[in-house]
Amino acid sequence: ITSAVAFDILPLKLHPFSQSTPTGLDCVGWKRRISSPVITDGALDKTALTDDVGSEEDLYEDFRSSNHRYGHPGGGGEQLAINELISDGSVVYAEALWDHVTMDDQELGFKAGDVIEVMDATNKEWWWGRILDSEGWFPASFVRLRVNQDEPMEDYPLKVEGGKEDDSSSGSRRFGMGQTTKDQMRTNVINEIISTERDYIKHLKDICEGYIKQCRKRADMFTEEQLKTIFGNIEDIYRCQKKFVKALEKKFNKDHPHLSEVGSCFLEYQTEFQIYSEYCNNHPNACMELSRLTKVSKYVYFFEACRLLQKMIDISLDGFLLTPVQKICKYPLQLAELLKYTNPQHRDFKDVEAALNAMKNVARLINERKRRLENIDKIAQWQSSIEDWEGEDVLVRSSELIYSGELTKISHPQAKSQQRMFFLFDHQLVCCKKDLLRRDILYYKSRINMDDMEILDVEDGKDKDFNISVKNAFKLHCRDTEEVHLFCAKKPEQKQRWLKAFENERRQVQLDQETGFSITEVQKKQAMLNASKQHHSGKPKAVTRPYYDFLMRQKHPTLPTTLPQQQVFMLAEPKRKPSNFWQNISRLTPFRK
């Protein structure tokens, strides 16, 4: 049996071959053993529950102890179908969604976009695979099965950027394929986009109606603030996705799917997809709040009862809540694959090409906002290390350190010069003085509002305003008060770096205004509170990352116990340049304990 035939025979609705969700999340479960009781206003309907299996605790224990699980015992319909193909001699390929970085020789490392041959999928969390001559275990949730399993391997493993292969020779192979074959490939991708969107809508509906609706009826267990932390703006996402699916289905050509023109839908909703930024930024907080609540048994029983009553598959709430994070990062991969099988003459080609770039920008914006929010803790910690701080907190107006360094500041009226440390944030420039004996200690001196300033490059020689000779100098001129600040750098290249930094600061402010980026008052207060606690406790000012541990605590039950936990980047976070925040600060002003 060939892989192409096998994929046609298997019921695709029961065994979906794509993942917009964690492994097993989109599998259709077996029929329930119980009739679905209802949750009445204010509390679970104990009578309805007791008729069949007793209390919430009994319901939970009964299903935990029984052999009936949602999906097959081996980990769901998807795993069963994959292993059937493998045992029949077919080759099954998966595409990496994210980088898997590991230093263990029993694990398989790869980068996003790599193609992996799946050799064993009997476990639902860890699969065994091969890339070229390397074999090893890898997290199943890091990959998705290829839509076109029958595609020649030599046509695929090229890095896709903008939907075009890097190897020029592949173009002839791609366009040399028969039109029918290429149309079928496009049909497969279109069908995957439509089917995964429908599945995704069902998951969002289940979360909103199965969990949030019931949680709101239990005011004795959940506050509105807790629900906002746990579920974020997922209800807004649900409303947005319902409209998006309707738009997709209008463009879907059921008789000839390859003729569907779906690119315009992504372009139409690219701005609305930015609401995922808030959800992704809140997700670490949701994970930590859930972790805290599930240490109490009544919350475990309640969440499990919600899942059972909504007839959802056997995955914990944090698994369902990870779905939107993964979904928004999957769109560029789907569109890149769609563009690959769309001829330039196709009416949808330009829209798909533009949609791919648009969704990459959305993902980039989300990651940038996530990085900015991570930085506010560091800024708060920095401020707590400054002695004699005066005025409002930095976070009131700023959220990004643009540049920092030492400059000579020259002031009127006697042209007095002072060596100072300057920290350029968005909207403001903070001036500090080093301690004479302990150079790692800084004292707050002043700040300049950058929104009122214009930057003036000063030529070497005598300055008329200050009546002194200067070198490597520039000025900050206040347009409202005509106040002038003169600064001198030690070297010409340092002056150029400062001038470039001022340009970047204005660009950052403008970008924030265009994209609507802002930090909530709650986030600001929490960051300052955390920094204050660390400062007074005398602990090292290090930003902990329990979120990594929370996401990556899954283990393969059949693996050797000596196998260490894999080292990975955060799920759904594309590779990016590391922030130079700490280099900017710690290189010049090491923090005190």
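**Exercise 1.** Check which span the 24 residues of helix α15 (residues 492-515) should have, and how far apart its end C-alpha atoms are.

Solution. At 1.5 Å a residue, the helix should span 34 Å; the expected span is 1.5 Å times one less than the number of residues. The end C-alpha atoms are 35 Å apart, which agrees. Helices (H or I, at least four residues) and strands (E, at least two) are DSSP runs, numbered from the N terminus.

This is a predicted model: local features need pLDDT of at least 70, side-chain atom pairs count only at pLDDT 80 or more, and totals for chains, interfaces and linings use all residues. Residues are numbered from 1 along each chain as its sequence is written, and side-chain values use heavy atoms, with hydrogens and water left out.

**Exercise 2.** Find the buried residues of α15 and the elements they pack against.

Solution. Buried means under 20% relative accessible area, exposed over 50%, partly exposed in between (1.4 Å probe, protein chains only). Among the buried residues are Trp 498, Leu 499 and Phe 502. The buried residues of α15 pack against elements including α14 (349-385) and β17, where contact means heavy atoms within 4.5 Å.

**Exercise 3.** Explain why strand β18 (residues 484-488) is largely enclosed, and identify strands that pair with β18.

Solution. In β18, 4 of the 5 residues are buried, so the rest of the structure largely encloses this strand. Two strands pair if DSSP finds at least two bridges between them. Strand β17 (residues 473-478) runs antiparallel to β18, joined by 5 bridges; one of the partners is Val 484, bridged to His 477. Strand β10 (residues 401-411) also pairs with β18 in the antiparallel sense, over 3 bridges.
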